[in-house]
Amino acid sequence: MKSSRAFRYQKLAHVLREQIMTGFLKPNDFLPTEHQLCEQYRLSRTSVRKALELLEVEGLIERRPGAGTRVSAQFVLPEDAARTFQILVPSPNFFVEHGGLDIFINEFRRLHPNVEISLLEAPTGADLAEHLRTHEKHGIKPDLVLTYDSLLRNLDNYEEFYDLEPLMSDGMPDIYPRLLEGLRFGSGRIAAPVTFSTVFLAYNPDLFESRQATKPYAGWTKDAFMEAARTISADTNGDGLIDQYGLMFTRGIGRWPVFAMQNGLMSSAISDYDDILQKTSAFLHDLLHRERIAVTFNVDSLRTHQHPFKNGKAAMTLTTTYELASWLDEPLDFEPQIAPLPFGPCSSTLLTTNALLIPKCSPKPELAQSFLRTALGLEAQTSLCSETPFLSIVPAVNRTKVSAELLAFYNATEEAMPGNYHVHELFPDNETMEELIENMNFFWLAIESAPAFARRWKRLVPRMAVLQP
């Protein structure tokens, strides 16, 4: 597997080349500035310039100092470009970068050897509906869209996608019901899950051994977790400050709610809601400020080299199979192991799911349906689970290809999956979720007390959207 760091400029060159070859960028159209490309694709200026130099050598662009970079006026769009089967994908995206989508593409090409496939890349987090409209305005009509759960709720044009219910009920393998329930938007089913991950706990066995801490084990408790985290957290350089922690997690909404879910957020009676919010808020402050055995990390910096867990500065972290796949490319000094979540009595955690959609503007809806059937089929799902760290949406495949212990640690068994939820299912709407996030800065700094934050949490989200009475 190629390093995700080695050829970043080539990946950017590929993105821009595809935009030119498919007509999204036309002759004489200006490219974004170097600064804009750096920001959009999270690359250094050196990598951006190398990508542009490559395209200039190929004769696709012209670079004029002080005037910007534009598509060469002499470029002629290939006659067969419009016949290319196109998939719009988020970029950057761990699932795409680390071979997940390639599994489906390779199986599809085996069945359709004469079909060319092109990937159109959209910035991760971009407004999906607006991006599609922009492509269509320029004559580019993707046949498929790969996206993930948190972007689906932002769509304002569900009716512009095909209802996939008939296709998915026609001889398809059984899919985890929880994934299907969590991806129902609008009146039909516009999104078909193709892979998913739970949020689980990974740990560094070398740090546990060096600090003589008891390693995680099946059935370990919150008390055992706390004891291990205390043992590992230390001042290793003698400057009086802790620089090695038992746990790290991001402040992003895709991680910390797990602590509340493990304590019954989505399964307990509504009368226990106050108590769950209070316990979760106090526990977070205990970890970060009273015990000082955990550290939070910027969610936007998951790809950086200055990552506490990857650099041996934290023994445990909340993560996903997507992030785990990215670590396989990196020269880590240890092999991450998976541990069961020990934060409360409930078998519950967060889900994150990649899904395919077929826009009604697709010039080749029949091929798009064939691709979707291929991605959901047993052969492709089995290959995905066998050849990558990603999980299948088909329970029977996971049972065959993933050990029972590991599935249990992922909280991805058929028994555990009903207690797992996507982030968007925890909140009545995106505005409420965003307001909660924006009002947490003082809480993370311990300027706002845990009880005060719990009251704010309840005021903003008085009852979770799917909280069972």
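**Figure 1. Asp286 and Arg290 pair by a salt bridge in this predicted model.** The closest N and O atoms of Asp286 and Arg290 are 3.1 Å apart. A salt bridge here is a side-chain nitrogen of Lys or Arg within 4 Å of a carboxyl oxygen of Asp or Glu. The two residues sit 4 places apart in helix H13 (residues 273-290), so about one helical turn separates them. Helices (H or I, at least four residues) and strands (E, at least two) are DSSP runs, numbered from the N terminus. Asp286 is partly exposed, at 25% relative accessibility. Arg290 is exposed, at 59% relative accessible area. Buried means under 20% relative accessible area, exposed over 50%, and partly exposed in between (1.4 Å probe, protein chains only).

Residues are numbered from 1 along each chain as its sequence is written. Because the model is predicted, local features need pLDDT of at least 70 and side-chain atom pairs count only at pLDDT 80 or more, while totals for chains, interfaces and linings use all residues; side-chain values use heavy atoms, with hydrogens and water left out.

Figure 2. Arg230 is partly exposed at 37% relative accessibility. Glu227 is partly exposed too, at 45%.

**Figure 3. Arg255 and Glu323 join distant parts of the chain.** Their salt bridge has its closest N and O atoms 3.5 Å apart. Arg255 lies in the loop between S8 and helix H12 (257-261), and Glu323 in helix H14 (residues 321-327). They are 68 residues apart. Arg255 is buried at 11% relative accessibility, and Glu323 is buried at 2%. The whole structure holds 23 salt bridges. Elsewhere, Glu34, Arg45, Arg49, Glu56 and Arg63 are linked in a salt-bridge network.

**Figure 4. Strand S8 pairs with S9 and S10.** In S8 (residues 245-250), 6 of 6 residues are buried. S8 runs parallel to S10 (residues 314-319), joined by 3 bridges. Tyr245 stands opposite Ala314 of S10. S8 also pairs in the parallel sense with S9 (residues 294-297), over 4 bridges. There, Thr250 has Phe297 as its bridge partner. Strands count as paired if DSSP finds at least two bridges between them.

**Figure 5. Thr236 sits in the loop between helix H11 (222-232) and S8.** Thr236 is partly exposed, with a relative accessible area of 46%. Leaving out residues up to four places away in sequence, Thr236 touches Asp243, Gln244 and Lys313. Contact means heavy atoms within 4.5 Å. Thr236 and Lys313 are 77 residues apart along the chain, yet their C-alpha atoms are separated by 9.9 Å.

**Figure 6. Leu376 belongs to the largest nonpolar core.** This core has 60 residues. Those with the most contacts inside it are Leu101, Phe104, Phe196, Phe371 and Leu376. A nonpolar core is a set of buried Ala, Val, Leu, Ile, Met, Phe, Trp, Tyr and Cys residues joined through side-chain atoms within 4.5 Å. Beyond its neighbours within four places in sequence, Leu376 contacts residues including Met168, Met172, Ile175, Val194 and Ile393. A second, separate core of 53 residues includes Val199, Ala228, Phe259 and Phe283.
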